[in-house]
Amino acid sequence: MSSAESNAPVRADEVRYNPAEIEPRWQARWDADPALYRAEPMTSPKPKYYCLSMLPYPSGQLHIGHVRNYSIGDSLARYMRMKGFNVLHPMGWDAFGLPAENAALKNSTPPREWTIKNIAQMKVQMGRLGLSFDWADTEVATCLPEYYRWNQWFFLKMYERGLAYKKSAKLNWCPKCATVLANEQVVGGCCWRHEDTLVEQREMQQWFLRITAYAEELLDGLDKLPGWPEKVRTMQRNWIGRSDGTEVVFAVEGGASATVFTTRVDTIFGATSLQLAPEHALVKQWAETDAALAAAVDEMVAQQQAAKEAGDIGNIEKHGVFTGKHAVNPFTGQTVPVWVANYILADYGTGAIMSVPAHDERDFEFATKYGLPIKRVLAPASSGGAQDESGDLALPYTAEEEAVLIDSGDWSGEASLEAQEKMGKFAEEKGFGKRTTTFRLKDWGVSRQRYWGTPIPIIYCEEHGAVAVPESQLPVLLPENVQITQEGGSPLGKVEEFVNVVCPTCGKPARRETDTMDTFVDSSWYFYRYTDAHNDAAPFSSEKANYWFPIDQYIGGVEHAILHLIYSRFWTKVMRDLGLIKNDEPAERLFTQGMVIKDGAKMSKSKGNVVSPDDMIGRYGADATRMYALFAAPPDRDLEWQEEGVAGVSRFLARVYRLAVKFAPLVKSVEKVKGDEISPAAFAGQTEQGAKLLRTLHQTIAKITEDFAGRWHFNTCIAAIMILVNEVAAAEPAMEAGEVAPVTVAEIFHTLTLLIAPFSPFLAAELWEMLGGHGLILDAAWPVANPELAKESELEIPVQANGKLVVVVKVPADADEEAIKAAALADEKVQQRLEGKQLVKTLVIKGKLVNLVVK
RNA sequence: GCGGUCGUGGCGGAAUUGGUAGACGCGCAGCGUUGAGGUCGCUGUGUCGCAAGGCGUGGAAGUUCGAGUCUUCUCGACCGCACCA
């Protein structure tokens with residue numbers, strides 16, 4: 001096919017679209033210019049646009065989900081650039097993490113070497129896809145000291161401010177990872193990386209980041225993110241799990257007290273017992289001298305554990321045991337028994353509740369099982385709050401909006417919601433309680449007992465305890481040549497020269513922290529580093545970050561809705577409070593693309609339904625692969641990968657190529673065009689065919705431009721381009737015969753090339769040059785739809801009878817209602833339909849349709 | 001259980017505000033081109049029917065001149081959360 005480039009006359013039927021020849025040729029030209037995709041400096045008069053796709057883990061192989069993600073992002077970046085924006089389109093590598101260690105175990109390659117090699121491979125794949133990333137200025141690999149030293153720096157800043165702290169806690173432990181997991185990394189009781197591996201609980205000393213300090217702001221901020229999918233916002237809301245209620249202190253016999261948390265303090269007169277979590281401090285204390293209680297408690301802890309591991313804690317059979325103790329309800333002065341129950345969670349609220357069987361489902365179930373009294377203290381407002389309500393009201397009665405207190409002393413007759421407020425205040429005044437807010441969100445445990453991560457910059461001194469590594473000593477370098485094992489305990493602990501240091505405070509021998517940071521630390525702020533990736537004096541320049549932030553569009557998988565996206569928001573708020581940035585939120589708009597599935601299932605090696613991007617590119621080219629990824633479904637939905645579909649897109653591109661080759665000489669002969677705007681006057685006096693082509697062309701421009709503005713239904717954009725090309729192909733004989741003005745032919749091919757440029761950059765570049773376009777198509781201006789040229793001269797008006805279609809009539813575009821009505825009634829079929837019937841009403845929707853109401 | 005998303009041809013999917021349901025592509029069928037092949041071209045393709053004409057957006061009802069679209073109920077699929085007090 002290389003002879004197609006020669007000067008010999010080319011017979012149209014000999015020209016073949018050959019992406020295997022076109023794409024590498026253009027890639028080589030693009031690779032030769034590292035500044036090609038560089039953003040302009042902050043002084044640029046253009047408005048900025050930060051287009052960000054989530055960075056991949058360098059597994060060594062791009063998968064088809066990446067192709068989809070980056071096809072969306074790259075099309076957007078190219079489009080925005082053509083629209084005249086100063087576009088930042090960076091890429092990097094989330095390069096720390098366990099797979100590198102596993103690979104090291106398997107084929108004794110050091111994690112660093114393995115990772116660097118994978119990065120190189122994936123970069124080649126991205127290059128083949130023609131992705132317009134600004135590698136030279138932005139590329140970040142989180143496993144390099146130039147990056148992770150700033151993780152350490154941030155950690156120290158947080159430590160200074162009390163946002164990083166160490167405590168002993170029960171933590172999620174994945175036996176396969178041989179490390180601790182954050183709550184966010186436990187999925188259905190299993191490890192997020194090992195879906196079949198149950199997470200165990202271990203008591204350990206761990207570093208935590210105080211994300212709960214921002215719980216309220218993280219929650220409230222969600223309302224200010226209209227550009228984020230509702231689904232993600234809902235998931236985050238649930239995850240943060242705010243719950244407003246009241247803490248009430250019950251005095252317990254023996255001089256102790258137990259604080260309960262309740263959202264329904266209005267039902268406190270119905271509390272017939274106190275229920276403590278098995279791990280509650282009081283229970284532990286009592287168990288020391290009560291062997292029977294201790295045994296019962298141990299059993300309950302085991303049950304909770306087992307249920308949690310089975311991912312079935314919601315359905316655990318409720319068990320409890322009476323402690324023999326009693327407590328005093330401060331509202332009633334009455335004494336209630338104190339129980340321990342396995343359905344009370346130690347780590348939520350205060351680990352203690354008041355049990356109100358009449359108005360809580362769980363309490364009801366429990367009280368019924370153990371024969372505890374059930375006392376009603378609420379009635380539906382409709383019953384007037386009568387004290388002697390007939391009693392046939394089904395219990396538990398949990399409504400609060402319609403409910404009125406009964407049998408509740410001075411509070412009887414109050415509406416539930418008001419009572420909650422007033423009783424909370426009352427408790428506060430009397431000093432036995434207060435209104436509080438509880439969050440489900442827990443602090444973020446960031447210690448990992450792994451090698452391939454950021455060393456935590458802390459030194460333990462016998463005299464001074466945990467001492468921060470001085471900033472001047474950063475980075476704490478991750479040592480090379482470390483023996484990786486899958487046994488428990490940090491691999492770094494075995495590296496003497498790493499562990500043994502001197503205390504920065506007193507200079508005496510001390511030990512380094514041997515845990516590394518969760519890799520989600522790396523990805524919590526990487527997009528800031530992109531703006532100033534080579535800065536060795538600071539994580540980034542505030543000036544640059546403030547220019548580029550917030551991210552205008554963030555694109556990635558919905559699987560990060562909780563983990564990465566909540567940590568990133570947290571990190572942004574911390575950085576703002578450190579004075580580094582001004583924005584409160586990292587990204588203005590978030591787009592979560594759907595999964596790519598094959599044969600109805602998620603791709604996985606075990607199912608053998610994995611599609612290889614290299615294979616697709618090799619067979620159909622990068623343009624066809626990318627375009628198919630956008631064409632097969634709207635980007636937010638799951639996409640079923642069908643190879644025949646890629647072939648279809650490839651056929652389409654081949655048709656475009658063949659037509660362009662054929663008409664290139666004609667297009668080039670039109671001196672005026674070459675990417676300049678042509679005045680609409682130049683198109684006056686068209687043949688009907690020419691006018692029709694121009695009309696479709698400008699309708700297509702309008703459609704795609706509109707879609708890029710927010711709807712993002714690229715599947716219909718590409719469909720629209722196909723319609724246009726089908727029409728051009730149908731007009732081929734007419735164009736050959738000179739029945740379409742050359743200026744129109746030129747306009748069509750130039751514009752068509754611009755329209756496909758965001759989606760299939762290789763072919764667009766090839767055609768742009770072939771057609772004599774000025775400069776790089778990358779920098780060409782996006783076409784502007786001309787409404788005059790897009791306007792239909794004739795409208796097709798459906799005529800309905802009682803809402804059912806009878807016929808479609810053609811009317812001039814400017815026909816008024818009367819004219820449309822007349823045309824409809826004049827139609828033969830309509831007349832037939834009306835025969836013998838009475839026309840009750842005629843509805844004419846201008847430019848849309850006619851509906852005849854007939855009896 | 002709670003929250004969310006979604007049910008349209010043989011398949012992926014169109015129909016943005018209620019206004020011609022099935023665009024575009026795949027697949028399939030027929031014809032053509034080619035020495036042959038198909039990542040080629042053309043034509044057809046919701047369904048019943050020879051046709052005229054019916055019927056059709058998971059199901060039922062409602063609002064409306066008109067409903068895939070709005071409302072209520074219901075069935076199903078997928079995703080997230082789940083003794084959260």
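User: How many residue pairs are in polar contact between domain 1 and domain 4?

Analyst: A polar contact is a pair of N or O atoms within 3.5 Å; within protein, one must be able to donate a hydrogen and the other to accept it, and residues adjacent in sequence count only if both atoms are side-chain atoms. The model is predicted, so local features need pLDDT of at least 70 and side-chain atom pairs count only at pLDDT 80 or more, while totals for chains, interfaces and linings use all residues. Residues are numbered from 1 along each chain as written, chains are lettered from A and ligands numbered from 1 in the order written, and side-chain values use heavy atoms, without hydrogens and water. With both residues at pLDDT 80 or more, the count between domain 1 and domain 4 is three.

User: Which element gives the most residues to the side of domain 1 that touches domain 4?

Analyst: Helices (DSSP H or I, at least four residues) and strands (E, at least two) are numbered from the N terminus. Those giving two or more residues to this side are α2 (64-82), α4 (111-129) and β26 (553-557). With seven residues, the leading contributor is α2.

User: Which residue forms a salt bridge with Asp779?

Analyst: A salt bridge places a side-chain nitrogen of Lys or Arg within 4 Å of a carboxyl oxygen of Asp or Glu. By that rule, the interface of domain 1 and domain 4 has one. At 3.0 Å between the closest N and O atoms, the partner of Asp779 is Arg81.
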